Amino acid sequence: MKFPKMLIMMVAVLAGLALVASTQAASIVGSKHDLTKQSWYSGDGQVCVFCHAPHGASNTLAPLWNHGTTTATFTMYSSPTFQGVIAAQPSGNSKACLSCHDGTVALDTYGGATGSHIVAGSANVGTDLTNDHPVSFTYDAALATADGGLVTPASAALVVTGVPLFYGKLECASCHAVHDPQYGMFLRASNAASALCLKCHSK
Ligand code: HEC
Ligand code: HEC
Ligand code: HEC
Ligand code: HEC
């Protein structure tokens, strides 16, 4: 009986370590969302200010939002098998992301100033969202039941630990942690063996 006991202890220790590792966030400083690293940048080195300000900001898209807001008209996702009810236009923080990533608002348009540097390459997702994972729709138990291949969200704020919803909706920031580069691509969790996808899809 000695051996299994040791095994259980080892598993417990490893699980403990995994827990510690998964709660340790990496910093936005020096990441691709640290816009002070952009070649065009000259300023006092503030990292948050491109997106947030402590005063005079707006809470419509994301907390204390300080970046220019996109006014583009987006083509939303649709498919014959999609069962969610998608918003007519992106909502919540998806619109905040798109305010840099749709390529219509300059990265340096913030704090009331109008900039000129547009996000480059494949980070520019454009305004046609038909070829991107659907966002801005309610993901609840009813959708999980209707779909049959989805995890039932724990609450209107959470699918499972580490995968948030926003006012009950799946948004860009459900999959992406805007401040945390630890998993690459600012993902909420590692997508090795499609682990991130499997947090919501039971496939
Ligand atoms: C590139 C844009 C961007 C930058 C830069 C940025 N944020 Fe955010 N932040 C967001 C977005 C979008 C959200 C809403 C989505 C979310 O909560 O994940 C958010 C949400 C937050 C929240 C509320 C949710 C949470 O995670 O607690 C806090 C607090 C916050 N940011 C603080 C900061 C601070 C402090 C900095 C600078 C060190 C910073 N942010 C830099 C875009 C940014
Ligand atoms: C203030 C502008 C700004 C906002 C707002 C913003 N981003 Fe970004 N993002 C950038 C820039 C700049 C890059 C780097 C692009 C490049 O590589 O040239 C980037 C890169 C990325 C990348 C690629 C990272 C990599 O490692 O290649 C992802 C993913 C991403 N952003 C997702 C998001 C999501 C999701 C949101 C909203 C929650 C968001 N961004 C909000 C400016 C922004
Ligand atoms: C269902 C999860 C999910 C949602 C929702 C999602 N993304 Fe992503 N996104 C990913 C994954 C996974 C990758 C990494 C793909 C790869 O490694 O090739 C990625 C990559 C990216 C990249 C980097 C593209 C590149 O090649 O440089 C950007 C930018 C990005 N996402 C922005 C967004 C924005 C903006 C939204 C909302 C409109 C969004 N994402 C919604 C999962 C998601
Ligand atoms: C935060 C939860 C979540 C994550 C993470 C996630 N998805 Fe989804 N995905 C959903 C929900 C909810 C739907 C809507 C299902 C429906 O209504 O048919 C969906 C829709 C889809 C669809 C379209 C289904 C259709 O019928 O049009 C595909 C394909 C898909 N996801 C693949 C992926 C892949 C691949 C990944 C990983 C890169 C991923 N998803 C990550 C929640 C998620």
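This is a guided tour of a predicted model, stop by stop.

**Before you start.** Residues count from 1 along each chain as its sequence is written, chains are lettered from A and ligands numbered from 1 in the order in which they are written. In this predicted model local features need pLDDT of at least 70, side-chain atom pairs count only at pLDDT 80 or more, totals for chains, interfaces and linings use all residues, and side-chain values use heavy atoms, with hydrogens and water left out.

**Whole chain.** Show the protein chain as a cartoon. Look for 5 helices and 4 strands. Both are DSSP runs numbered from the N terminus: helices are H or I with at least four residues, strands are E with at least two. Their order along the sequence is α-α-β-α-β-β-β-α-α. Of the 203 residues, 32% count as buried. Buried means under 20% relative accessible area, exposed over 50%, and partly exposed in between, with a 1.4 Å probe and protein chains only. Contacts are heavy atoms within 4.5 Å. Among contacts with a separation of 6 or more, residues 24 or more positions apart account for 55%.

**Ligand 1.** Select the iron atom of ligand 1. Which protein atoms are its donors? They are NE2 of His 52 and NE2 of His 179, 1.9 to 2.0 Å from the iron. The pair links distant parts of the chain, 127 residues apart. His 52 sits in the loop between helix H1 (2–23) and helix H2 (92–101). His 179 sits in the loop between helix H4 (172–175) and helix H5 (195–198). Donors here are N, O and S atoms within 2.8 Å of the metal (3.2 Å for Na, K and Ca); water is not among the atoms, so sites may look incomplete.

Now check accessibility. His 52 is partly exposed, because its relative accessibility is 29%. His 179 is also partly exposed, at 46%.

**Ligand 2.** Move to ligand 2 and show residues with a heavy atom within 4 Å. There are 19, and the closest are His 33, Cys 97, Cys 100, His 101 and Met 185. H2 gives the most to this shell, with 4 residues. The shell divides into 13 nonpolar, 5 polar and 1 charged. Ala, Val, Leu, Ile, Met, Phe, Trp, Tyr, Cys and Pro count as nonpolar, Asp, Glu, Lys and Arg as charged, and the others, Gly among them, as polar.

Zoom in on the side chains. An N or O atom of His 33 lies 2.8 Å from a nitrogen atom of ligand 2. For His 101 the value is 2.8 Å, again to a nitrogen atom of the ligand. An N or O atom of Lys 32 lies 3.3 Å from an oxygen atom of ligand 2.

**Helix H2.** Select H2. Its buried residues are Asn 93, Ser 94, Ala 96, Leu 98, Ser 99 and Cys 100. They pack against H4. Asn 93 is buried because its relative accessible area is 11%. Beyond neighbours within four places in sequence, Asn 93 contacts Leu 61, Phe 166, Glu 171, Cys 172 and Ala 173. After H2 comes Gly 103, with a positive phi near 80°.

**Ligand 3.** Finish at ligand 3. It has 14 residues around it, the nearest being Ser 122, His 133, Cys 172, Cys 175 and His 176. H2 and H4 each give two or more residues to this shell. The shell divides into 8 nonpolar, 5 polar and 1 charged. A polar side-chain atom of Ser 122 lies 3.0 Å from an oxygen atom of ligand 3. For His 176, such an atom lies 2.8 Å from a nitrogen atom of ligand 3.

Terms used. Polar contact = N/O pair within 3.5 Å; in protein donor to acceptor, adjacent residues only side chain to side chain.
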